[in-house]
Amino acid sequence: MNAAAEDRTPLLAVEHLTMRFGGLVAVDDLSFTAHPREITAIIGPNGAGKTTVFNCLTGFYRPRAGRLAMYRNGECLLLERIEGFKIVRQAGIARTFQNIRLFAGMTVLENLVVAQHNALMKASVFSLAGLLGLPRYRSAEREAIDHARYWLDKVGLTEVADWTAGTLPYGAQRRLEIARALCTAPALLCLDEPAAGLNPRESAELNELLLAIRTDEGIAVLLIEHDMSVVMEISDHVIVLDYGRKIADGTPTAIRADPNVIKAYLGEDQGEELPETIAADLAIPRSQ
Amino acid sequence: MTAASELAAEKAARPSLDWAGSLKDAALASLVAVLLALPLMGLQTYDIGGGALGIRTHFDWVAAAAAAVFAGRLVLRLYRQVRHIRESRGETLFTRLAAWGSRRVLPITIAGIAFAVALPLLPFSSRYLIDLGTTVLIYVMLGWGLNVVVGLAGLLDLGYVAFYAVGAYTFALLARDLGFTFWEALPFSGLVAASFGVVLGFPVLRLRGDYLAIVTLGFGEIIRIVLLNWAPVTGGPNGISDVPRPSFFGLPFARSAPEGVTTFHQFFGLEFSPDQRVIFIYFVILVLALVTNLFTLRLRKLPIGRAWEALREDEIACRALGINPTNVKLSAFGIGAMLGGFAGCFFATRQGFISPESFTFIESATILAIVVLGGMGSQMGVVLAAILLVALPEFGRAFAEFRMLIFGAAMVAIMVWRPHGLLAHREPSLRLAARGEAP
């Protein structure tokens, strides 16, 4: 399977990514690939540099060294050369945040329509056609609402479309943030701890949603997650970071057995055997 | 359970005024007042000659203080209970008012516009009232303009008066040096003010909140000080006088016109009256304000308006969704400034004379207060707040020196009771349900 993976063109190839903040090396010479129609998980202890990788990919940080290549429509786009806010449009990388960042005072539907800002702005000819209420703009707005509606149905928020986003329960806010990222029509969806704070039932629903995004929509997912039941169940490929370095890279089964991973999570002096609780977390659920 | 015990239970469940507790509390407070007042007010030293001090007692003062504290404390306690009872029923005056208002936006708007249109014709109207109406409408227009920047885009601007000044001076200079009329200069005033808005926008792109407020405050002062000191062009503190008055489609409002020009009253065969111009000016600002309102309401429902609101809510999320924060901010500053420029142009033609005196910080503060008091982003709130802040102080002229005190107390009171503004109700820019179709 690995050999087959090497042959395919990756969607995203990160090569020798390095990010420093003063004396602190947050990400050190990191290389990995993410493939189309796959869920790639990045795991690691707190402070391992996972979110920093996301911030480099989505243009919030400018990496000190390395190459971030996104292959889209046969083109190779270098993310580190694209201005931050243009990455969504040009490279098709959308993201969510560890601490949810919704437009809390706006409605659910408005959140999703704002995500389609650039297309709508073009249709409104910088507000001129919109001000005059030309049919061209009105049909674009209808399309945007239909697109939003599609994702609302997918994440199960259609009922609350006209609610203020800030009043939704926590789990619904997480799903809304994912739907909002999907409304930008991305090729790669980067999710920063989407299962954080979810109860087991919500977490299972999230798994189904992510699998549907991958399989039905053909959107690749890059996932940072602490919840091992999510990671092990749905990932096609796992990358483990510790102190900014990649210490393991492979299928969930291989990662589970990797001695380096066990060491990073449990410390050097621990015995070879994993304590039962963590072994249970790392195990692939039987239900699969 | 019998009917009687049910009734008793209901009576117990319903909160009522606690007189005994309130009286006890008030008595306790007045006791504290007596203890404090006794040494501070009750005993007074005076010189009895030869450098020695005697003591005079003023127990009447102490009694007065105790009585005042007792009464004040009692009223406060009872008021709080009354409010609590009302709230437990889920109603306060303002929630009822706001709910009623949001259900009847259209009729209220139509009634408001009808009243504004009819104002000059009403039997009690006078030249003074129309002048006051004009002033209120200028502030309403400025409030709606600033609402774009502060209410929608969430960029705290303390120097909005700068754009008002730029608009006014643009018209005055164009008229003085190039002979422009009001209607010819109006678009230029807006354009020049908008470009000043963009110029201000660039250096403050990275700033938010308090920092932004300080820079905009500085910008407002810079404009005023430049106007004050650039005497060869702006006339310095003397300002610019003889700013032309607006004409009615080319018909001037004057008692007599130069050769070959028909005046308004001649054309319509009316008796000349200076009130005609005052009423016309009133209608000009009414139309300008309504156009401003329609324009900003429309923009709010467009992608640009939603982007402003999204920027106010979370700038980082905006970037992650591919929205260019620079463009969004500059457009908010530019459009807000343009509307301020239009208002400034009108102000110049109405006054006929402008000087830097008219564009001090207090103007910025008033406009901002109108927006905040009305409820950020609420169009109707701006009207209400403008009437409250501009018209009421006029009626309070009888109080003269207490005017500002009452004004300040009213502001504090409103902010305590309605911390989000008088009408803080946000209407979504689009709805799924309203499309009324099955999935």
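Hi everyone, let's start with chain A, which is divided into domain 1 (1-92 + 187-288) and domain 2 (101-185), with bounds that come from an automatic or database domain assignment. A quick word on the model: it is predicted, so local features need pLDDT of at least 70 and side-chain atom pairs count only at pLDDT 80 or more, while totals for chains, interfaces and linings use all residues. Residues are numbered from 1 along each chain as its sequence is written, and chains are lettered from A and ligands numbered from 1 in the order in which they are written.

How do the two domains meet? Nine residues of domain 1 of chain A are in contact with nine residues of domain 2 of chain A; contact here is C-beta atoms, placed from the backbone, within 7 Å. On the domain 1 side, α3 (87-91), β7 (188-192) and α9 (200-215) of chain A each give two or more residues. Helices are DSSP runs of H or I, at least four residues, and strands are runs of E, at least two, numbered from the N terminus. That side has six nonpolar, one polar and two charged residues. Nonpolar covers Ala, Val, Leu, Ile, Met, Phe, Trp, Tyr, Cys and Pro, charged covers Asp, Glu, Lys and Arg, and the others, Gly among them, are polar.

Now, the chains together. Chain A brings 31 residues to the contact and chain B brings 27. Elements of chain A giving two or more residues to the side that touches chain B include α3 and α7 (135-155). By class, that side of chain A has 14 nonpolar, 10 polar and seven charged residues. Thanks, all!
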